[in-house]
Amino acid sequence: DQLREDKGQEDREDSSLKGILWRLTPNSIKDPKRLFMYQMPFIRGFDQSPSRGDAADRQMPESDMKEEVKEVSGEIHETSDEVEPMLSEEPKIPDDIKIVIEKIEDDLGPIELSGEGPQILIYHSHSREAYMQEPERKYKEAAREAFRTDDLDSTVIRVGDVLTHHLKELGIPVLHDRTEHEQGNYNKSYVKSLETINRRMKEYDSLKIFIDIHRNAYKEGTRTPDQEVVVVDGERVAKMSVVIGTGKGQLGGFKEKPNWKENYKLALKLTNKVNELCPGLAKPVMVQSGRYNQHVSTNAILIEVGSNLTTLTEAERTAKYIAKALSKIVE
């Protein structure tokens, strides 16, 4: 009897310990599939499993370990809008979307820039995304967050600075909003950046093009830095890609969806212009089921400039080609 009692006590203690550990363990660890989901915003949503979210791997910030979906007034909203998984390869576009895309032609006419005030808004939903360290441009990584930093001059915001500079040199009125949207609650990054967009639209009714600058990421060992650049005049330039969201989502999607086919025309035009200027610099346009706040305009796009396999310097060089390509799309 004593042996059974002691054994029972051990089982209860073991069960209790497991329960405590289970409660303390992030949801992402409980679902092995979610371990692979983090660093890019444009994959999430085409997995049709009933999981409530795919938002973490071993590098996810502690603030991200939350429920990612909430319902407001009967409409499903993903509080992060879309979250970044790390990639081992480029995401595949679903067949039904491919059929639609194949019918879209690069026939977008020039976007007329008129009136007083800025015409293009550049902003960053994931403002703390950083690049591969450089010997002369070291930055301090945020705790437990690889390729992220609180030093905003070392993140995609710096790429936005350079893009803004080149656009202004080309005579294009542009507004660069450097608001930090993700610190404290990564899952609300897109909610916060939407607030920024709406505020800026109220301030400047002249805004016509909306560009969210991000950077891509890959799991260690799946790609090499050389695969993520093109070499121009002896300089390494980070590859880029434009991402378009349909707003379809996973759990009912968004009530207010983007006119993604129109946004796609701008993405296709920009991609083609970039490759005219620098062959191979722009990857094919990606269409995914997130919204990415692209419902605000038919000229709203997300651009991934470089990745965790490229440096900030390489990404800054890309900005020059994006600016030149944009200058050929507007009038």
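In the predicted model, helix α6 (residues 260–277) and helix α7 pack at an angle of about 115°, and their axes lie 9 Å apart; axes here are lines fitted to C-alpha atoms, for helices over the stretch in contact, and angles run from 0 to 180 degrees between N-to-C directions. The crossing of α6 and α7 is right-handed, a crossing being left-handed if the near helix is turned anticlockwise from the far one by less than a right angle, and right-handed if clockwise. On the α6 side the residues involved are Leu 270, Lys 273, Val 274 and Leu 277, which meet Tyr 321, Ile 322, Lys 324, Ala 325 and Leu 326 of α7, where contact means heavy atoms within 4.5 Å. The residues of this contact of α6 with α7 comprise 7 nonpolar, no polar and 2 charged, with Ala, Val, Leu, Ile, Met, Phe, Trp, Tyr, Cys and Pro counted as nonpolar, Asp, Glu, Lys and Arg as charged, and the others, Gly among them, as polar.

Helix α7 also packs against α4 (156–169). The axes of α4 and α7 come within 8 Å and cross at roughly 35°, again in a right-handed crossing. From α4, this contact draws on Arg 158, Val 159, Val 162, Leu 163, His 166 and Leu 167, and from α7 on Leu 312, Ala 315, Glu 316, Ala 319, Lys 320, Ile 322, Ala 323 and Leu 326. The residues of the contact of α4 with α7 divide into 10 nonpolar, 1 polar and 3 charged.

The length of α7 itself was compared with expectation. At 1.5 Å a residue, the 16 residues of α7 (residues 312–327) should span 22 Å, and the end C-alpha atoms are 23 Å apart, which agrees; the expected span is 1.5 Å times one less than the number of residues. Helix α7 is mostly covered, with 12 of its 16 residues buried, where buried means under 20% relative accessible area, exposed over 50%, and partly exposed in between (1.4 Å probe, protein chains only). Among the buried residues of α7 are Leu 312, Glu 314, Glu 316, Tyr 321 and Ile 322. Thr 318, which lies in α7, counts as buried because its relative accessibility is 0%. Apart from its neighbours within four places in sequence, Thr 318 is in contact with Val 237, Ala 238, Met 240, Leu 281 and Val 305.

Thr 311 lies in the loop between β10 and α7 and, at 10% relative accessibility, likewise counts as buried. Leaving aside neighbours within four places in sequence, Thr 311 is in contact with Tyr 131, Met 132 and Glu 134. Thr 311 and Arg 236 are 75 residues apart in sequence, while their C-alpha atoms are 9.4 Å apart in space.

The structure holds 1 aromatic pair. The rings of Tyr 190 and Tyr 292 have their centres 6.1 Å apart and their planes at 55°, so the pair is tilted; rings of Phe, Tyr and Trp (its six-membered ring) pair if their centres lie within 6.5 Å, with planes under 30 degrees apart counted as stacked, over 60 as edge-to-face and the rest as tilted. Because Tyr 190 lies in helix α5 (residues 189–203) and Tyr 292 in the loop between β9 and β10, the pair ties together parts that are 102 residues apart in sequence. Tyr 190 is buried, with a relative accessible area of 1%, and Tyr 292 is buried with a relative accessible area of 1%.

Tyr 292 has a positive phi of about 55° although it is not a glycine. Arg 144, also not a glycine, has a positive phi of about 60° and is placed in the loop between β3 (120–123) and α4. At 58% relative accessibility, Arg 144 counts as exposed. Lys 188, found in the loop between β4 (174–176) and α5, counts as partly exposed at 35% relative accessibility. Lys 188 and Ser 125 are 63 residues apart in sequence and 9.2 Å apart in space, C-alpha to C-alpha.

Over the protein chain as a whole, the secondary structure comes to 7 helices and 10 strands, defined as DSSP runs (helices H or I, at least four residues; strands E, at least two) numbered from the N terminus. Of the 331 residues, 56% count as buried. Among contacts between residues at least 6 apart in sequence, 76% join residues at least 24 apart.

Residues are numbered from 1 along each chain as its sequence is written, and side-chain values use heavy atoms, with hydrogens and water left out. As the model is predicted, local features need pLDDT of at least 70 and side-chain atom pairs count only at pLDDT 80 or more, whereas totals for chains, interfaces and linings use all residues.
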